[in-house]
Structures are given as structure tokens and as C-alpha cells.
Amino acid sequence: MEHLSMPPLSRVAICGGTHGNELTGVYIVKEMQRQKQDKVGSLSVTPVLSNPRAVDVCKRYTDTDLNRCFTSALLSSPITDSTPYELRRAQELNAQIGPKGSESAVDLLVDLHNTTSNMGLTIIMYSISALPSHIFKYIQTKMAPVPVAAIQLDLSLSDCYSLDSVGKNGFSIEVGPQPNGVLRADIFNMVKKAVDLTLEWIEKFNSGCTFEGGDIEVYSFVKSIDYPRDPVSGEMTAAIHPKLQDNDFKLLQPGDPLFLSFSGETVKHEGDALYPFFVNECAYYEKKIAFHLARKITKTIPTLSVKSN
Ligand SMILES: [Zn+2]
């Protein structure tokens with residue numbers, strides 16, 4: 001088994017309100033700020049309200065989706081009078097808790113999101129770093145029997161578009177179903193628990209615990225599927241099929257129903273058996289995404305421990 005050692009983690013950012021109407025993260029961060037919770041042992045913890053303007057109006061964003069603004073190209077683009085608010089804010093956040101890809105970036109960035117899809121608690125991470133996989137394994141073990149899934153995106157650091165890519169390590173916690181602009185205590189408690197377990201993991205790691213490597217199962221993004229549309233008007237002609245609704249992470253076999261058209265016809269899945277997620281996510285209608293599809297893969301992660309000086 002490969003053994004990796006990494007320096008201790010000294011700075012963590014917990015971000016919420018990256019999407020202003022996803023209220024779990026908004027209130028977890030506000031509560032951390034209210035309690036002036038900025039230290040756990042020797043670890044410095046910074047709670048960050050990522051998009052305060054969108055939080056004020058309880059919308060996902062005001063000009064453009066903040067969580068698509070963190071590619072290296074956008075972070076280095078010049079600011080002009082016509083630059084959207086969220087891109088200015090992305091550059092501010094990058095200066096505060098990054099810069100992305102630099103030594104001054106926070107050691108870990110955790111970004112809190114909600115979905116209207118029935119995804120339960122899901123960790124979304126990029127494949128470029130081993131540390132989020134270990135924290136996922138820890139959260140999954142400690143939260144059982146609550147199911148915890150992980151989605152992996154394979155992108156180069158400069159193409160990673162989400163806020164969590166600004167930290168040296170990072171991941172998003174995505175929890176649903178919860179409507180936009182609504183706060184549910186059960187979901188709040190799940191996310192709070194996952195954040196507390198993340199901080200607990202870091203304390204153990206910093207104090208010299210060895211985390212054994214091994215195999216984990218993750219969903220690897222394959223493609224996005226749009227709603228069926230009228231070829232002329234572009235209007236949607238079908239909704240998610242009742243047999244697919246709420247069935248995130250349940251394997252779709254060829255021939256399984258995907259959509260029910262407004263005239264009553266069923267559109268079926270074709271091609272490889274794949275796993276759907278973000279099924280009927282409210283915010284993805286404007287992106288022309290009805291759901292994403294993933295392959296389940298087994299990933300071998302190395303044993304991890306802190307590098308002693
Ligand atoms: Zn979100």
C-alpha cells in the first residue's frame with residue numbers, strides 16, 4: 001500500500017451561501033460567525049459567507065453563478081465596469097482564502113450546498129488530491145447507517161470551476177432534498193455533523209493518526225442529460241419520469257424510464273447502465289440539465305499520515 005505523508009493542516013475555510021438560496025450553509029456559517037468559532041485546537045477555522053448579495057435577496061446568484069467563476073482563466077480576467085458581481089466576488093474570495101494553486105491558500109476549503117434532488121449527503125470532490133477521499137471515508141464510516149456518497153470530477157486544477165478548488169485541498173458537501181429558500185433541521189443537523197467530523201478528522205491527522213488506505217467507491221461523472229424539447233421552440237416537452245424522480249444513485253439499465261412526455265409517452269434510457277444524480281435539480285433547468293449520469297468506480301487511496309518536521 002502506498003504511504004503518503006503531508007504537512008499538518010493549519011487553516012480551514014468553511015464556506016456557505018455560495019448559492020444564496022441554499023440555506024443550510026448560510027446558517028451554519030452565520031452561526032459559526034456568531035459564536036466567533038475561529039479555532040479548533042491549533043487549527044484556524046474561517047467561516048465565509050461566499051455570496052452575501054445573493055444571500056440578502058435569497059437567490060442562487062445576482063448576475064452569474066458564483067460557483068462557476070473559479071477557473072484560473074476567470075480568476076485572472078481583468079475587472080471592468082461590465083464585470084458581473086459574482087466574478088468580482090470570486091476574485092475577492094481568491095485573494096482572501098487563496099490564491100488558488102499558491103502556498104498561501106487555505107489548507108482545506110469545505111463549501112456547503114443544498115440540492116432539491118434526493119441525493120442525501122454527498123461529497124463532491126476533484127480527483128487531484130487524496131485528502132478529501134480520506135475525509136469522505138471518515139464521514140461515511142462515522143455517519144452510518146446514514147448513506148454518504150462521493151462524486152468525483154476529473155479536471156485539471158486550472159479548469160476546476162468551483163469555490164472548493166481555491167483551497168490546497170477542498171470538497172463540497174451537497175445535501176438534499178431541500179427546497180431553495182427553505183431550512184430543514186434534519187438536513188441542518190446532517191451537514192453540521194459532517195462539518196464537525198471534518199474538523200475532528202483534521203485534529204486526528206495533525207496529532208499523528210495514520211489513516212489506512214484502501215478501496216472506496218465513488219461516482220465518476222460521465223455526462224449530463226437535457227429534457228426532451230420541441231426542436232423548433234426549444235420548449236420542454238416532458239418531465240422527469242415518476243420512476244426516476246427521487247431515485248438518485250439507483251442504477252439505470254437500458255430501457256428504464258427517464259422522462260414522461262406531456263402527451264403521455266415514456267422516454268427510455270439507452271446505452272450503458274449508469275447512475276443518475278442531481279435528478280430534477282431546480283437550479284439546473286436554466287443550464288438545460290435534467291440530471292447527470294455517472295459510473296461507479298473503485299478508487300484505491302494511499303495510507304495518509306502527517307509529515308513530521
Ligand atoms: Zn449550490
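UniProt, in an unreviewed entry, lists residues 215–296 as "domain: AstE/AspA barrel-sandwich hybrid"; its positions follow the numbering used here, its feature names are shortened, and its annotations may be inferred rather than shown by experiment. The model is predicted, so local features need pLDDT of at least 70 and side-chain atom pairs count only at pLDDT 80 or more, while totals for chains, interfaces and linings use all residues. Residues are numbered from 1 along each chain as its sequence is written. The span 215–296 is 0% helix and 38% strand, and its end C-alpha atoms lie 13 Å apart. Helices (H or I, at least four residues) and strands (E, at least two) are DSSP runs, numbered from the N terminus.

At least three residues come from each of domain 1 (3–217 + 300–306) and domain 2 (223–292), with bounds from an automatic or database domain assignment. Beyond four places in sequence, Phe277 touches residues including Tyr219, Phe249 and Phe291, contact being C-beta atoms, placed from the backbone, within 7 Å.

Val166 sits in the loop between strands E7 (148–153) and E8 (169–176). Val166 counts as buried because it has 26 C-beta neighbours inside 10 Å; the cut-offs, with C-beta atoms placed from the backbone, are 20 or more others within 10 Å for buried, 12 or fewer for exposed, and partly exposed in between. Among its contacts beyond four places in sequence are Leu93, Ile97 and Phe70. Phe70 is 96 residues from Val166 in sequence, yet their C-alpha atoms are 7.3 Å apart.

How values were computed:
Two residues are in contact if their C-beta atoms, placed from the backbone, lie within 7 Å.
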